[in-house]
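Work through the exercises below with the sequence and the structure at hand. Each task is followed by a solution in steps.

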Amino acid sequence: MKGIEKSFDRNQVLHGVDFTLKKGSIHALLGENGTGKTTLMNILGGVLPRDGGRVFIHGEEITITSPHMAAEQGIAFIHQELTLVNDMNIYENLFLGCEIKHGIVVGRKEMAKKAAEILSLMQVNLSPHTMVRDLNASYKQVVEIARALMKNARVIIMDEPTASLTDVEIEHIFTIMRSLKEKGVSFIFISHKLNEVIEICDAYTVMRDGRVVASGSIDNSGQEKISENDLAKHMVGKELSYDDLYVQRELGGVLLETKNLSRENEFHDINLTLHKGEILGVTGLLGDGRSELFATIFGCNPKYGGKILLNGKEVKIHSTRKAHRLGISYVPRNRKENGIVKDLSVSHNMSLPILEKLRNFLFISRKKERQSNEYYVNALNIKVSDINNSILSLSGGNQQKAVLAKALGSLPQIIILDNPTQGVDVGAKLEIYSILMELSKQGVSVVVLSSEAQEILRVCDRIYVMCEGEIRRELSRSEATEEKIMVLATGGTLSDETQTA
Ligand SMILES: Nc1ncnc2c1ncn2[C@@H]1O[C@H](COP(=O)(O)OP(=O)(O)OP(=O)(O)O)[C@@H](O)[C@H]1O
Ligand SMILES: [Mg+2]
């Protein structure tokens, strides 16, 4: 790609971007939130028209004006939100829109056979007849990749493919990517998880404010491998350090407690405590029940067994409204599905939960709304050209910050965050962790649900590791390590357990 230019209205987003991808390479496209990565890929994938610049494959200039034309050139785009149909099986999904037909007869056997070939090419042990609904998140990603291969893709664009996957599942995807790379398929890999980038990618390009600021190879054969820190420095233009983030604090007494909290098929016999001013981490694999557990504590599921106690007294939390009234606030896991109201502006999204407090008699005080929103836009450094624009015009990471602002706006005593930094860039992650630390110093209790062990280890005072709907073990900050968390999350036991027993 040479000299790519793009503006939205008067806002120029790409300023003459050059990007080169080699055959059989996995190339990381990096940069802070709102820097133009997705926009550049949308242009390559034919989703958006460009204002200037040219695209070449094997030295020949090509025209791409639609996703269909991109597919014809062998360019496949796997968007972050998966686009599979749950009520169909794998081969029906793979052939959706390009079914094999003989006259009016659909060649089901043929499609199933072809699908099986692709899956075995990827060395995945899956029947093409499996319903997509029954697949876990990483297998769904696998099916997306299979679909790209079906179309004979030679370039596969993956925009934050691992944002909602856990470490074990990510490894699975990586294995497949490596074997395809050997066969000459190239990948463009967008991610904010720099440890993964170092692990899987061969080359990197870093963008800042719509321009390329650095590029090179990750594994400089013979020389020292580039580090996470180096990449982060290119991205934010300065050194980032997590060293001063965590501060040892005096915690208060138990604020929230559960006794044998259970919900059928989700979690059972949960006995947990949360202290005043504590940052509690809860981690495990996908499907470990942590999201369901805390959604229940937030009142999303009125039917539960066991007890929830607040300040030592039992409370019945049968609605989210009740939870709000008790001072509990919640940032859900899937931003696109549950976190934002797509039809509203940035400003109205942020002030949704505090409308009551902004009300003057019958009218909402727009002045107070504006003041409150401006405060959070500054505090969280949200990149927005006009707060009255649709929330969808923000980049992914900035949408996430707006959702966080929404949860903070109601001044909660307990804040539950499910995957709080998904899609957030390294600099902004640090900002978000600092905000959590600041909140806890002010006595707010914070619960961080995350599948990223690194994240949990950075900010949390205490950690619960969950597996198959139960708490496997509690770890103090000092004893927790990535390895221990991994062992417990996958159902194992720690060797020291036998010793202490
Ligand atoms: N449809 C649109 N209308 C108006 N502005 C847009 C639109 N799409 C993107 N933008 C703006 O273009 C800029 C680049 O956005 P883009 O989504 O490419 O960022 P990104 O690098 O992918 O960020 P992230 O890491 O958060 O996903 C942002 O400032 C964004 O607000
Ligand atoms: Mg993006």
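**Exercise 1.** Decide whether Phe 174 is buried or exposed, and classify its ring pairing with Phe 189.

Solution. 
- Step 1. The relative accessible area of Phe 174 is 0%. Buried means under 20%, so Phe 174 is buried.
- Step 2. Phe 189 also has a value of 0% and is buried. The model used here is a predicted one.
- Step 3. The structure has three aromatic pairs. In the pair of Phe 174 and Phe 189, the ring centres are 6.0 Å apart and the planes meet at 65°. Planes over 60 degrees apart count as edge-to-face, so this pair is edge-to-face.
- Step 4. Phe 174 belongs to helix H6 (residues 167–182) and Phe 189 to strand E10 (residues 186–190), so the pair ties together parts that lie 15 residues apart in sequence.

**Exercise 2.** Classify the ring pair of Tyr 242 and Tyr 433, and state where in the chain the two residues lie.

Solution. 
- Step 1. The centres of the two rings are 6.3 Å apart, and the angle between the planes is 50°.
- Step 2. Tyr 242 is in the loop between helix H8 (228–236) and strand E13 (254–263), while Tyr 433 is in helix H16 (residues 426–441). The pair links distant parts of the chain, 191 residues apart.
- Step 3. Tyr 433 has a relative accessibility of 1% and counts as buried.

**Exercise 3.** Find which residues are joined to Arg 462 in one network of salt bridges.

Solution. 
- Step 1. The structure has 21 salt bridges. One of them is formed by the side chains of Glu 278 and Arg 462, with an N to O distance of 2.7 Å. This pair links distant parts of the chain, 184 residues apart: Glu 278 is in the loop between strand E15 (273–275) and strand E16 (279–283), and Arg 462 is in strand E24 (residues 462–467).
- Step 2. Glu 278 and Arg 462 are both buried; the relative accessibility of Arg 462 is 10%.
- Step 3. Arg 462 also meets Glu 474 in a salt bridge, at 3.3 Å from N to O. Since Glu 474 lies in strand E25 (residues 470–476) and Arg 462 in strand E24, this pair ties together parts that are 12 residues apart in sequence.
- Step 4. Glu 474 is partly exposed, at 41%.
- Step 5. Through shared partners, Glu 278, Arg 462 and Glu 474 are joined into one network.

**Exercise 4.** Describe the surroundings of Tyr 464.

Solution. 
- Step 1. Tyr 464 is part of strand E24 and is buried, with a relative accessible area of 4%.
- Step 2. Leaving out residues up to four places away in sequence, Tyr 464 touches several residues, among them Leu 272, Val 282, Ile 471 and Glu 474.
- Step 3. Between Tyr 464 and Leu 272 there are 192 residues in sequence, counted as their separation, and the C-alpha to C-alpha distance is 8.6 Å.

**Exercise 5.** Over the face of which rings do Lys 2 and Arg 477 lie?

Solution. 
- Step 1. Lys 2 is over the face of Phe 56, at 5.3 Å from the ring centre.
- Step 2. Arg 477 is over the face of Tyr 246, at 3.5 Å from the ring centre.

Methods. Residues are numbered from 1 along each chain as its sequence is written. Chains are lettered from A and ligands numbered from 1 in the order in which they are written. This is a predicted model: local features need pLDDT of at least 70, side-chain atom pairs count only at pLDDT 80 or more; totals for chains, interfaces and linings use all residues. Side-chain values use heavy atoms; hydrogens and water are left out. A salt bridge is a side-chain nitrogen of Lys or Arg within 4 Å of a carboxyl oxygen of Asp or Glu. Helices (H or I, at least four residues) and strands (E, at least two) are DSSP runs, numbered from the N terminus. Buried means under 20% relative accessible area, exposed over 50%, partly exposed in between (1.4 Å probe, protein chains only). Rings of Phe, Tyr and Trp (its six-membered ring) pair if their centres lie within 6.5 Å; planes under 30 degrees apart count as stacked, over 60 as edge-to-face and the rest as tilted. A charge sits over a ring if NZ of Lys or CZ of Arg is within 6 Å of the ring centre and within 35 degrees of the ring normal. Contact means heavy atoms within 4.5 Å.
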